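Let's take a friendly walk through a protein model, a few spots at a time. Keep the structure open beside you as you read.

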Amino acid sequence: MDAGPLTGAHATGWEGRTVCVAGAGISGRAAARVLAARGARVTVVDARDDEALREKLALPGVTVRLGDGETLPDGTDLVVTSPGWRPDAPLLAAAAKAGVEIIGEVELAWRLRGPGAAPWLAITGTDGKTTVVRMLACMLEAAGHRTLAVGNVGTPIVEAVTGDGAEPYDVLAVELSSFQLHWSGSVRPYAATVLNLAPDHIDWHGSLEAYAADKAKIFAPGTLAVVNADDEWSTRLGAGAERSVGFTLGSPSAGQLGLVEDLLVDRAFTDDPAREAAELAELSDVRPYAPHNVANALAAAALARAFGVPAEAVREGLRRFTPDPHRIELIATVRDVAYVNDSKATNPHAAAASLAAYPSIVWIAGGLLKGADVDELVRSCAGRLRGAVLIGRDRAQIATALARHAPNVPVVDVADTDTGAMDRVVAAATALARPGDTVLLAPVGASFDMFAGYPARGEAFAAAVRRLAAP
């Protein structure tokens with residue numbers, strides 16, 4: 001999607017530079033393509049080596065070095081790293097020791113922006129990022145703006161900012177992970193939000209405080225901070241912002257968006273926030289309905305309103321929004337038992353939000369906990385549990401927490417990891433369920449011990465449910 005050389009200060013300085021692109025994934029390939037088109041000498045480095053990857057990297061002006069992801073190419077004066085590479089990876093450590101600048105694709109995209117470039121409305125947080133960025137894009141489109149959801153979702157952001165010769169975007173809805181923010185230094189969104197924050201990726205960042213510090217980079221100088229007033233960390237990280245508004249699931253004060261009975265209302269972007277509220281939507285416009293998804297809708301609405309989107313376009317955007325799979329997705333109702341797939345709930349914070357949405361649950365949980373403590377999660381949801389079916393490598397840790405905080409809840413341990421395991425899991429959950437219950441896959445752990453990823457886990461659950469529901 002390269003449009004050739006850009007003009008302006010951000011476009012200069014690439015010709016002749018020796019750049020190492022660390023990682024040959026989607027964002028890495030996009031960065032290599034854009035840099036090579038601007039005259040940089042680019043070497044793509046990755047530990048993987050297979051023919052399919054080599055074909056994808058057959059790019060003009062790009063040298064490929066596969067099978068060695070540890071050695072910094074000679075003469076490198078800039079490293080553009082893929083977000084998943086840890087700071088202590090040997091190549092990155094060598095670059096840092098040599099005084100070579102390390103940035104990510106997001107930072108590269110910011111530096112490549114030309115004059116009059118589209119402003120960014122940016123989203124980060126432990127959970128809800130993808131839902132919010134897609135809701136926001138729908139609202140912006142409903143208001144008539146040419147926009148795109150980019151960053152940690154969809155199109156690589158370097159391709160969105162460099163363009164393909166087509167009409168430029170008016171505004172970009174940008175999802176940013178903590179990894180991407182770690183390698184970003186000069187990014188200045190027009191408005192941004194930290195949706196929430198809970199322990200996650202601590203193995204990568206080293207501590208909760210370091211994880212939070214990377215998230216906080218989204219509230220750059222001059223950026224309007226959209227703060228979740230119901231989340232302690234979001235509030236704390238936004239406290240130092242030059243300008244801020246809030247959102248809450250309660251009744252909003254002046255300067256906030258929130259709920260009044262069954263209405264989503266705005267008391268931040270009206271002519272007189274102290275006395276005036278604008279009706280944005282009804283709770284029924286939020287799909288799927290769950291308290292944390294209403295918070296997602298309010299966050300998206302706050303960013304949209306910051307950019308001047310009218311109230312009617314917020315409502316229309318919510319109505320147009322199609323939820324992504326594997327996020328509190330109702331698969332079927334069988335004999336008055338609902339089967340819900342929230343395979344994306346891969347940490348305690350996400351699982352807690354999912355569990356809070358239903359009154360009586362048979363919980364399917366397990367996987368790779370990544371060092372997370374599930375004790376508080378189980379304590380908080382114990383009164384909602386009809387039963388639990390545990391899967392995956394770290395299921396014993398969840399079983400221990402259940403024994404401590406929900407000793408009367410029946411637990412089925414499924415040690416199987418073969419392709420038919422999910423059928424046995426769903427059968428066990430069905431045996432525990434009663435009419436009116438929800439069988440909820442909210443695993444709290446990552447999926448890689450049993451599946452290729454959380455989508456594969458969710459699809460296995462959905463397929464098992466559909467077989468159960470078949471005549």
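This is a predicted model: local features need pLDDT of at least 70, side-chain atom pairs count only at pLDDT 80 or more; totals for chains, interfaces and linings use all residues.

R319 sits in helix α12 and D285 in the loop between β14 and α11, so the pair ties together parts that are 34 residues apart in sequence. Side chains of opposite charge can pair when their charged atoms come close.

Helix α12 covers residues 311-320, and its buried residues are A311, A313, V314, R315, G317 and L318. What covers them? Among the elements that do so are α5, β13, β14 and α11.

The whole structure has 26 salt bridges. One of them joins the side chains of K370 and D200, at 3.2 Å from N to O. K370 is in the loop between β17 and α14, and D200 is in the loop between β9 and α8, so this pair ties together parts that are 170 residues apart in sequence. K370 is partly exposed at 36%, whereas D200 is buried at 8%.

R111 and E107 also meet in a salt bridge, at 2.9 Å from N to O. Both lie in helix α4, four residues apart, or about one turn of the helix. An α-helix has 3.6 residues a turn, so residues three or four places apart point the same way. R111 is partly exposed at 22%, and E107 is buried at 2%.

## A strand covered on both faces

Now look at strand β17, residues 361-366, where six of six residues are buried. In a regular strand the side chains alternate between the two faces of the sheet. Here I361, W363 and A365 are buried on one side, and V362, I364 and G366 on the other.

β17 pairs with β18 in the parallel sense over six bridges, and I364 has V389 as its bridge partner there. Together with helix α14, these two strands make a right-handed β-α-β unit. β17 also runs parallel to β20, joined by five bridges, with W363 opposite L440.

## A buried cysteine

Finally, find C20 in strand β1. C20 counts as buried because its relative accessibility is 0%. Beyond its neighbours within four places in sequence, C20 is in contact with several residues, including T43, V45, P73 and L91. C20 and L91 are 71 residues apart in sequence, with their C-alpha atoms 9.9 Å apart in space.

Note on methods. Residues are numbered from 1 along each chain as its sequence is written. Side-chain values use heavy atoms; hydrogens and water are left out. Buried means under 20% relative accessible area, exposed over 50%, partly exposed in between (1.4 Å probe, protein chains only). Contact means heavy atoms within 4.5 Å. Two strands pair if DSSP finds at least two bridges between them. A crossover is right-handed if, with the strands pointing away from the viewer, the path from the first strand over the helix to the second runs clockwise. A salt bridge is a side-chain nitrogen of Lys or Arg within 4 Å of a carboxyl oxygen of Asp or Glu.
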